[in-house]
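Here's a friendly walk through a protein that may be new to you. Have the sequence and the 3D view open as you read.

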Amino acid sequence: MNLVEIHVIQPVPPASLNRDDTGSPKDTVFGGVRRARISSQAQKRAVRVFFSSYSLLEPEERAVRTRLLLDELVKMEEFRDFPEEESKAVIRAALVALGMVADDQGRTEYLLFLGRGEIGKLAKRIRDHRDRLLEFARDLDQKAREAQETKKRLRKEDLLKAVPDKLKEAFQDREILDGEKAVEIALFGRMLADRPELGKDAACQVAHAISTHRVDREFDFYTAVDDLQPREQTGAGMMGDVEYYSATFYRYANINLDQLMRNLQGDRELAKKAVEAFARGFVLTLPSGKQNTFAAHSLPEFVAILVRKDSMPRNLAAAFEKPVYPSDGKDITERSVEELLKYWEKLDNAYGKPAREEVAIVCLPEVDLPYHRDKRVDTLDEALERANKTVDELLNAVHNLLGGE
């Protein structure tokens, strides 16, 4: 397996970046003590928002996760010359032909993760088969009326069975939803419950971030004053409290370059672009939870980017199974970096290093790096540049193995 790995140590001031169903910051028990936690899903969402905000990817290289596919299709150029209601009926029929069903509000049963290119291809396919779809839409309306008259529930299975063979051939081949080189789908994968054959195995894995030390959640009691309240009246207009913590996090992610190339249909340049976009986004982003309240926009103090040939992934969280505490005049972040580097060296000594490995480290604390002294660089750009050279070599090798020219 050819891998890119990213290890991050990041101190975060008071924050509530990722909350559970009760509104409390997410946490976990590790090494017998309570730790702050940020879910992998929240981190991946932050990276996807970063892609959009900083235009790291072209629109056609991006993807969208939505239940509102019908509304998105109606707005496209292929449907502008037709009445909106007719277009909606045609699109609804096309979704059934595709193996999916939209409810009365036009929402699909579950969130779909589709590349922008796939949505474009679907719109063209619907336009090309508009007459057949319009006829099928009338059949679906008739079935809905009959079900209403007999007070029977129109089951999803009945709708899918009603799809004419010609429409099945047109909409259930794999050409439409083939991923269309959408970077986000290639990185994070997807599952379509109704069309499992169209699923994609994720090339990227993101660990839940955990604090390197024990944390206790705290409460911020707040009050708000009613600006129009008469002066003679006292008391707050409202009051409440919000939970938060401050923590130094260990964050980890990896990208399987072999899987990435398969998902992107052997496109080396797009794969390189995807690796750099993800690495930059992962390092520079945090989830947006309660940021208007806490503005906890901190950046990592330590970043290690590794490119490894023929290697298994190595999450280094076990370096912090014993909670880190300040000692010898060093703060938690400095101690966390030291513990990470010591554990990293232990693993390499015990299990060996890959035959080929490129390492680039950005380290802001004045910490000695005896094991990787010559791998230290000054900026994230330098680290990415060093990593990209090796990524390029490995992608070329993968491309040749996949039968590329």
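Is D328 buried or exposed? D328 counts as exposed, because its relative accessibility is 74%. Keep in mind that you're looking at a predicted model.

**The overall picture**

Let's zoom out for a moment. The protein has 405 residues, and 50% of them count as buried. Its secondary structure comes to 13 helices and twelve strands. If you draw a box along the principal axes, the C-alpha atoms fill roughly 80 × 80 × 35 Å. How about contacts along the chain? Take the ones between residues at least 6 apart in sequence: 77% of these join residues at least 24 apart.

D310 is found in the loop between β10 (302-309) and α12 (332-351). D310 isn't a glycine, and yet its phi is positive, at about 50°. D310 counts as exposed because its relative accessibility is 55%, and the cut-off for that label is over 50%.

**Where α1 crosses α10**

Now find helix α1 (residues 40-53) and helix α10 (residues 268-284). Their axes come within 9 Å and cross at roughly 115°. The crossing of α1 and α10 is right-handed. Which residues of α1 take part in the contact with α10? They are Q43, V47, F50 and F51, and on the α10 side they meet A277, F278, R280, G281, F282 and L284. Sorted by class, this contact between α1 and α10 has seven nonpolar residues, two polar ones and one charged one.

Another residue to look up here is R48, which also has its place in helix α1. R48 counts as buried, because its relative accessibility is 7%, and anything under 20% gets that label. Leaving out residues up to four places away in sequence, R48 touches R62, A63, V64, R65, F113, E184 and F188.

| Pocket | Volume | Lining residues by class |
|---|---|---|
| Largest | about 580 Å³ | ten nonpolar, one polar, ten charged |

The largest pocket is lined by 21 residues, and R92, V101, A102, D104 and L159 lie nearest its centre.

Of the 23 residues that line the second largest pocket, A46, T285, L286, P287 and S288 are the closest to its centre. The helices from the crossing turn up again here, as α1 and α10 each supply at least two residues of the lining of the second largest pocket. The largest share of that lining comes from α1, with six residues.

Why does N263 count as buried? Its relative accessible area is 6%, and the label applies under 20%. N263 and A203 are 60 residues apart in sequence, but in space their C-alpha atoms are 7.8 Å apart. A203 is also one of the residues that N263 touches, along with I185, A186, K200 and D201, when residues up to four places away in sequence aren't counted.

Then there's R376, found in strand β12 (residues 376-377). R376 is partly exposed, with a relative accessible area of 32%. Not counting residues up to four places away in sequence, R376 touches I361, C363, P365, V367 and L369. How far is R376 from G115? Their C-alpha atoms are separated by 38 Å, and along the chain the two are 261 residues apart.

Key. Residues are numbered from 1 along each chain as its sequence is written. This is a predicted model: local features need pLDDT of at least 70, side-chain atom pairs count only at pLDDT 80 or more; totals for chains, interfaces and linings use all residues. Side-chain values use heavy atoms; hydrogens and water are left out. Axes are lines fitted to C-alpha atoms, for helices over the stretch in contact, and angles run from 0 to 180 degrees between N-to-C directions. Helices (H or I, at least four residues) and strands (E, at least two) are DSSP runs, numbered from the N terminus. A crossing is left-handed if the near helix is turned anticlockwise from the far one by less than a right angle, and right-handed if clockwise. Contact means heavy atoms within 4.5 Å. Ala, Val, Leu, Ile, Met, Phe, Trp, Tyr, Cys and Pro count as nonpolar, Asp, Glu, Lys and Arg as charged, and the others, Gly among them, as polar. On a 1 Å grid over the protein atoms alone, a cavity is a set of points where a 1.4 Å probe fits but cannot get out, and a pocket is an open set with protein on both sides within 12 Å along at least five of seven lines; lining residues have an atom within 4 Å of a point. Grid points are joined across faces, edges and corners, and a volume is the space filled by probe spheres set on the points. Buried means under 20% relative accessible area, exposed over 50%, partly exposed in between (1.4 Å probe, protein chains only).
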